[in-house]
Amino acid sequence: MAEMGSKGVTAGKIASNVQKKLTRAQEKVLQKLGKADETKDEQFEQCVQNFNKQLTEGTRLQKDLRTYLASVKAMHEASKKLNECLQEVYEPDWPGRDEANKIAENNDLLWMDYHQKLVDQALLTMDTYLGQFPDIKSRIAKRGRKLVDYDSARHHYESLQTAKKKDEAKIAKAEEELIKAQKVFEEMNVDLQEELPSLWNSRVGFYVNTFQSIAGLEENFHKEMSKLNQNLNDVLISLEKQHGSNTFTVKAQPSDNAPAKGNKSPSPPDGSPAATPEIRVNHEPEPAGGATPGATLPKSPSQSSLPAVVVETFPATVNGTVEGGSGAGRLDLPPGFMFKVQAQHDYTATDTDELQLKAGDVVLVIPFQNPEEQDEGWLMGVKESDWNQHKELEKCRGVFPENFTERVP
């Protein structure tokens, strides 16, 4: 019986709610059609507009603040990676290594502290501020429904009073329902009339506190970060002073194809094959042992310099002149011309005796005036464009790394 009674109460409540929704819907239709007047409160409507604006602005601020925090975290990670790179390249025997490592640790801690304080003093405050809006928004909506109930009860009571046949019992009941609806509405209305203006005015203090917190935290962060950066700069200046006078030991990396000119070892860009034509040496005629004059022999590994370097398909040279070559006696080519090469990669000259090359430049290769000055992997030449313009070797010739070029017809 109790269960049935409970079910009956529940069913009755559901039926009552359905009837309320139906009555509200009918009332709203009549109001929209102009067949029933609607209670208006312009002051409250203005408060609702302010509330919606405040909610929109707060939601946007919360979103932008989260984006800012995500950026701080990303910057922290980037800074951490950069410091890790510095620690890796900072060699153990360099002075200031421990100081640089400590600075990196403090840098990491400073970023973590900054991010956490932003969360505590800005984001959590923002979340608390916005946390009050859902409840108030729900109450505003409920007030609207109760206002419709009040208008509906008022219209029903008025219609019974103006009827030709008056039913006093129905009128009394309608009046009782009207008073009840009016009381429920006015209680909610009064509370919201007080809360909404107060909430609207609170936004000023909230915005001030939020942005002051962010600005203060950022100011302190940059002050502390500036000190760390200054300390790191001092460490690096000290390193430069102690090792600034050519005291670094440069360890050459072994390479079969790397040219050697002093301490320089230029090589073409990664992934680009170096030009390595077969090189043969033309020895003096009638060498000891009865070798055939003009015969070509493989280069000995012990040779440190070459009297003349030629490609096998080109004529040999003796004392800087071409023997029987096509360049002999030709006025349009420099004296001693041996062959042409074309730059496959840019090469930036590092000495005054070097040629500056751009990919595509054609170079006319000529012998060294003093063969003993030739370093392995380097050729002497003049850019074809310079030669055509000036026809002066003294101004135009220079050395260049062979593996940046490729022979052309």
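Seven helices and 10 strands make up the secondary structure of this protein. The model is a predicted one. Of its 409 residues, 32% count as buried. Among contacts between residues at least 6 apart in sequence, 71% join residues at least 24 apart.

**Helix packing**

Two packed helices are described by the angle between their axes and by the distance between those axes.

| Helix pair | Angle between axes | Distance between axes |
|---|---|---|
| H2 (residues 42-89) and H4 (residues 133-162) | about 150° | 12 Å |
| H3 (residues 97-131) and H5 (residues 168-242) | about 175° | 10 Å |
| H2 and H3 | roughly 170° | within 10 Å |

Helices H2 and H4 pack at about 150°. Because an angle over 145 degrees counts as roughly antiparallel, H2 is roughly antiparallel to H4. The crossing of H2 past H4 is left-handed. On the H2 side, the contact is made by Phe 44, Val 48, Phe 51, Gln 54 and Leu 55. On the H4 side, Phe 133, Ile 136, Lys 137, Ile 140 and Arg 143 take part. By class, the residues of this contact divide into seven nonpolar, one polar and two charged.

Helices H3 and H5 pack at an angle of about 175°, with their axes 10 Å apart. H3 is therefore roughly antiparallel to H5. The contact of H3 with H5 has 18 nonpolar, seven polar and five charged residues.

The axes of H2 and H3 cross at roughly 170°, so these two helices are also roughly antiparallel to each other. Their contact comprises 18 nonpolar, 11 polar and six charged residues.

**Ala 104 in helix H3**

Ala 104 lies in helix H3. Its relative accessibility is 10%, and because buried means under 20%, Ala 104 counts as buried. Leaving aside residues up to four places away in sequence, Ala 104 touches Asn 83 and Gln 87. Ser 79 is 25 residues from Ala 104 in sequence, and the C-alpha atoms of Ala 104 and Ser 79 are 9.1 Å apart in space.

**Thr 405 in strand E10**

Thr 405 is found in strand E10, which covers residues 405-408. With a relative accessibility of 2%, Thr 405 counts as buried, because that value is under the 20% cut-off. A polar atom of the Thr 405 side chain lies 2.7 Å from the backbone oxygen of Glu 402.

**Lys 391 between helices H6 and H7**

Lys 391 is placed in the loop between helix H6 (384-390) and helix H7 (393-396). Most residues other than glycine have a negative phi. Lys 391, however, has a phi near 55°, a positive value in a residue other than glycine. The relative accessible area of Lys 391 is 39%, and this residue is therefore partly exposed.

**Summary of the residues described**

Lys 391 is partly exposed at 39%. As for the helix pairs, H2 is roughly antiparallel to H4, H3 is roughly antiparallel to H5, and H2 and H3 are roughly antiparallel to each other.

Key:
Residues are numbered from 1 along each chain as its sequence is written. This is a predicted model: local features need pLDDT of at least 70, side-chain atom pairs count only at pLDDT 80 or more; totals for chains, interfaces and linings use all residues. Side-chain values use heavy atoms; hydrogens and water are left out. Axes are lines fitted to C-alpha atoms, for helices over the stretch in contact, and angles run from 0 to 180 degrees between N-to-C directions. Helices (H or I, at least four residues) and strands (E, at least two) are DSSP runs, numbered from the N terminus. Angles under 35 degrees count as roughly parallel, over 145 as roughly antiparallel, 65 to 115 as roughly perpendicular and the rest as oblique. A crossing is left-handed if the near helix is turned anticlockwise from the far one by less than a right angle, and right-handed if clockwise. Contact means heavy atoms within 4.5 Å. Ala, Val, Leu, Ile, Met, Phe, Trp, Tyr, Cys and Pro count as nonpolar, Asp, Glu, Lys and Arg as charged, and the others, Gly among them, as polar. Buried means under 20% relative accessible area, exposed over 50%, partly exposed in between (1.4 Å probe, protein chains only). A polar contact is a pair of N or O atoms within 3.5 Å; within protein, one must be able to donate a hydrogen and the other to accept it, and residues adjacent in sequence count only if both atoms are side-chain atoms.
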